[in-house]
Amino acid sequence: MIVVAGEALIDLVPQGTGALAGLQPALGGGPYNTAVALGRLGSPTAFCSRTSRDAFGQALLDGLRKAGVDVSAVQRGPEPTTLAVATIDGNGSAAYSFYVDGTADRLFTVPDGLPADTRAVSFGTCSLVLEPGASAYEKLMRTAAAQGVFTALDPNIRAGLIPDADAYRTRFLGWLPSVTLLKLSEDDARWLGGTPREWLAAGPSAVVITRGGDGLTVFTRDGGEHSVPGERVAVVDTIGAGDTVNAALLHGLSTRNALSSEALAGLDADAWTRLLRFAARAAAITCSRAGAEPPYASELGEL
């Protein structure tokens, strides 16, 4: 079982240009998209979060169930669902403004435990920013790591939600001893102000940097650096692309029985290249569709 911990929200995606363009609601949130993508790829997956009892919250749970994701660890509350208003630029890249005050997902509390068969837990995005839930997710990360569970982190920076950038950067560095696999975009890396080698020295066994259409690069603890180009595709938008990469990496590592620090360190250049190409292919399919619509295993071929 791969557990994805973090927020589920509703993306409001513009259907035209201008400030008053119509908005189409879509299921979203970085961790949510990662869980759906894992389910579609066929990995046994559970979602650990807190959602509203409103109609949006129910739709989010229905979307997880449709993808085959276990929702028994999802907490519920009467507060409204978080909303994210997307803006799409001419290249299909998405920027967001968030409506988060008093919403259900930020009131997440630490669960009694993870499913007994948990092999990995994935964290990231808004859930590690918005208190009091952020501290609960952080505690869950540290507890899982202390128990020897593989942990993945995608900070997926949303700068508009971070009131104190320096404090967040310090907190990010404090997470790294509890992280097995760190994945982040070039933009995230620039915002955080560090380097893959610095982050590797702090804890992770591997760091994957996504470079949009230019591909992906992994940096490993033994000094290795392996890159693949991006898959060429007509981009509709990039919503969910990074989340799809998260899922593809975790799914690929699971199929290789490599969800541990030791196994990750043992992957050679060929294994990493195959895994990164698989992730690039999956992300390209997501980019070819409107909204976060990650591919199914049948669309990707062999890993």
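Visitor: What do the buried residues of α4 pack against?

Guide: In this predicted model, the buried residues of α4 pack against α3 (133-146), β10 (150-154), β11, α5 (186-192) and α6 (196-202). The residues of α4 (165-175) that are buried include Y168, F172 and W175.

Visitor: How do you know on which side of α4 the buried residues lie?

Guide: Y168, F172 and W175 are buried, and because they cover an arc of only 55 degrees around the axis, they are placed on the same side of α4. D166 and T170, on the other side of α4, are exposed.

Visitor: What is found at the start of α4?

Guide: There a side-chain oxygen of D164 reaches to within 3.3 Å of the backbone nitrogen of D166, and the limit for a polar contact is 3.5 Å.

Visitor: Why is T82 called buried?

Guide: The relative accessibility of T82 is 2%, and buried means under 20%, so T82 counts as buried. T82 sits in the loop between β6 (75-77) and β7 (83-88), and, leaving aside its neighbours within four places in sequence, T82 is in contact with L9, I10, Y99, V100, T103 and D105.

Visitor: What makes the pair of T82 and D105 a polar contact?

Guide: Their side chains make this contact at 2.6 Å, and the cut-off is that the N or O atoms lie within 3.5 Å.

Visitor: How do you know that β11 and β12 pair?

Guide: Pairing requires at least two bridges, and 5 bridges join β11 (residues 181-185) to β12 (residues 206-210), which run parallel.

Visitor: Why are β4 and β14 said to stand at the edges?

Guide: The open sheet of 8 strands has the order β4-β1-β9-β10-β11-β12-β13-β14, with mixed pairing. In that order β4 (45-48) and β14 (225-228) each have a single partner strand, so one side of each is left without a neighbour in the sheet. On average, neighbouring strands of this sheet are turned by 15 degrees against each other, direction ignored.

Visitor: Why is the count of disulfides 0?

Guide: A disulfide needs two cysteine sulfur atoms within 2.5 Å, and by this rule the count comes to 0. The sulfur of C48 is 16 Å from the closest cysteine sulfur, in C126, and is therefore too far for a bond. For C287 the closest cysteine sulfur is also in C126, at 19 Å, again too far for a bond. C48 is buried, with a relative accessible area of 2%, and C287, at 10% relative accessibility, counts as buried too.

Note on methods
Residues numbered from 1 in each chain as written. Predicted model: local features only at pLDDT ≥ 70, side-chain atom pairs only at ≥ 80, totals over all residues. Heavy atoms only, no water. Buried < 20%, exposed > 50% of the residue type's maximum accessible area, 1.4 Å probe, protein only. Helix = DSSP H or I, 4+ residues; strand = E, 2+ residues; numbered from the N terminus. Axes fitted to C-alpha atoms, helices over the stretch in contact; angles between N-to-C directions. Polar contact = N/O pair within 3.5 Å; in protein donor to acceptor, adjacent residues only side chain to side chain. Contact = heavy atoms within 4.5 Å. Arc of directions from axis to C-beta.
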